[in-house]
Amino acid sequence: GRIAWDPIRGFGIRDTHSTGVFGFKTIVLKLMMDKRIPKEIELAQKLGQRVIIDLDDYFEGLTPANRAYDATDPLKNKATNLDHYSKSIAMADTLTVSTPFLLEHYSHMQDVRMVRNGVNVNQFKQVKHTHHKPVLGLVGATAYRNNDLEQLAEWLPQFLERHDLMIHHAGHSDNSPAFAEVTGVDRHRVTTSPIV
């Protein structure tokens, strides 16, 4: 559900009927950059709620090539920006991070825990394909990448050619640069599905 707020009950969630559900002792926030959030965190903590902020992006290192750079710039967006986010992060009881880099970056904070991104392969039925070549895949809109596609461009086009492979980009948008354009991969080796 979406975040819900009540000054008497603190943070909660909105269910599918937009009804607020409250009473949580611990709340996990992600990508909450709104100017009201630091004050709401302060009030929630006074109400006894423990606030965890989950981080898996390095927003301080964004470049102008990433669409989120302008969207979170305090000079361009007064209501929702990195200044508010930084205040919220500093106020959190605990931070969870997804990579060793972020663990080191936030190591000066009071309580930082690493919860690695990953896939539990045991939850999927494994199928052995004997007559098909593998298809590589990338998920995410190209407009929100931050130099990772440029790093792929250094080796991916040659790799795909050498092994006669395809790549599928899930997250295509007509309003963003094409995956093949950014990476230099032959467009005939790229299939796409739209951003969701």
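**Figure 1. Salt bridges across the predicted model.** A search of the whole structure finds 14 salt bridges. The model is predicted. Side chains of opposite charge can pair when their charged atoms come close.

Figure 2. A salt bridge joins Lys133 to Asp164, with the closest N and O atoms 2.9 Å apart. The pair links distant parts of the chain, 31 residues apart. Lys133 sits in the loop between β7 and β8 (135–139). Asp164 sits in the loop between α6 (156–163) and β9. Salt bridges with shared partners join Lys133, Glu161, Asp164 and Arg189 into one network. Lys133 is partly exposed at 49% relative accessible area, and Asp164 is partly exposed at 43%.

**Figure 3. The pair Arg50 and Asp111.** Their side chains meet in a salt bridge of 3.6 Å, N to O. Arg50 belongs to strand β5 (residues 50–55), while Asp111 lies in the loop between α4 and β7 (112–114), 61 residues apart. Arg50 is partly exposed, at 34% relative accessibility. Asp111 is buried, at 19%.

**Figure 4. The pair Asp34 and Arg36.** The closest N and O atoms of this salt bridge are 3.2 Å apart. Arg36 is partly exposed, with 35% relative accessibility.

**Figure 5. Ser88 in helix α3.** Ser88 is part of helix α3 (residues 82–91). Ser88 counts as buried because its relative accessibility is 0%. Beyond neighbours within four places in sequence, Ser88 contacts Met32, Ile37, Pro38, Ile41 and Ile53.

**Figure 6. The largest pocket.** This pocket holds about 690 Å³ of space. Its lining has 27 residues; nearest the centre are Asp56, Asp57, Asn66, Tyr144 and Arg145. The lining residues divide into 14 nonpolar, nine polar and four charged. At least two lining residues come from each of α4 (100–105), α5 (148–153) and β9 (166–172).

Terms used:
Residues numbered from 1 in each chain as written. Predicted model: local features only at pLDDT ≥ 70, side-chain atom pairs only at ≥ 80, totals over all residues. Heavy atoms only, no water. 1 Å grid on protein atoms, 1.4 Å probe; cavity = no way out; pocket = protein on both sides within 12 Å on 5 of 7 lines; lining within 4 Å. Points joined across faces, edges and corners; volume = space filled by probe spheres on them. Helix = DSSP H or I, 4+ residues; strand = E, 2+ residues; numbered from the N terminus. Nonpolar A, V, L, I, M, F, W, Y, C, P; charged D, E, K, R; others polar. Buried < 20%, exposed > 50% of the residue type's maximum accessible area, 1.4 Å probe, protein only. Contact = heavy atoms within 4.5 Å. Salt bridge = Lys/Arg side-chain N within 4 Å of Asp/Glu carboxyl O.
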